[in-house]
Amino acid sequence: MHSIINCALALKDYELAMDLLGQLLERDGAPRHSLLSALGRLHLQLGDVAGAEVCFNEAREITSGNEGVRELVDRGLIAIAQNNFGDAYLSFQQASALEPSNVMILNNMAVCLLYGGHLKDAISVLESAISVSPVQALQESLLLNLCTLYDMESSKGRLKKFALLKQIAKYQADA
């Protein structure tokens, strides 16, 4: 069912994905915390911030309020949806302290910095992610964001993108 949910999301069939997540939540022994978090993220994707908050709050109740990486990321995503990029950055920063090599968290930190008006800091976060763990960090979403930031920074973005392509060729296959 997880694979079907992923396919539904790839095909933008959010209704099917939400229905299947609901079915999984009803099963005995289901990892409710993870499923509620996933359902909350799906609500955010659909623009339903209130629905996402309900799911995230229910997930947090299951963990008795202990904030792990998932809860911090969920809190950061809600803050982004509410255009509160400072609080979102702080949540992602705390999550990054728990999982320093998590590229998704670093990518979200850079987005928060950009929307907070800190372009150079956003670039630094993504560049350091690549330099620290190039194999994990050289992925499409991070590279797209970094190239966009280079374009915003200056006309030198082309040279930086060329250097980035060299690094991709070194660590990643053509695919």
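Start by selecting Glu26, which sits in helix α2, residues 14–26; helices here are DSSP runs of H or I with at least four residues, numbered from the N terminus. A quick note before you click on: this is a predicted model, where local features need pLDDT of at least 70, side-chain atom pairs count only at pLDDT 80 or more, and totals for chains, interfaces and linings use all residues. Residues are numbered from 1 along each chain as its sequence is written, and side-chain values use heavy atoms, with hydrogens and water left out.

Glu26 counts as exposed because its relative accessibility is 68%; the cut-offs are over 50% for exposed, under 20% for buried and partly exposed in between, with a 1.4 Å probe and protein chains only.

Next, pick Lys12, in the loop between α1 (2–10) and α2. Its phi is positive, about 60°, though this residue is not a glycine. Most residues other than glycine have a negative phi. Lys12 is exposed too, at 60% relative accessible area.

Now jump to Asn83, in the loop between α5 (69–81) and α6 (85–98). Here again you'll find a non-glycine with a positive phi of about 60°, and Asn83 counts as exposed at 60% relative accessibility.

Last stop: the inside. Select Val73, Phe92, Ile105, Met109, Ile130, Leu146 and Leu164, which touch the most other members of the 35-residue largest nonpolar core. Such a core is a set of buried Ala, Val, Leu, Ile, Met, Phe, Trp, Tyr and Cys residues joined through side-chain atoms within 4.5 Å.

Methods:
Helices (H or I, at least four residues) and strands (E, at least two) are DSSP runs, numbered from the N terminus.
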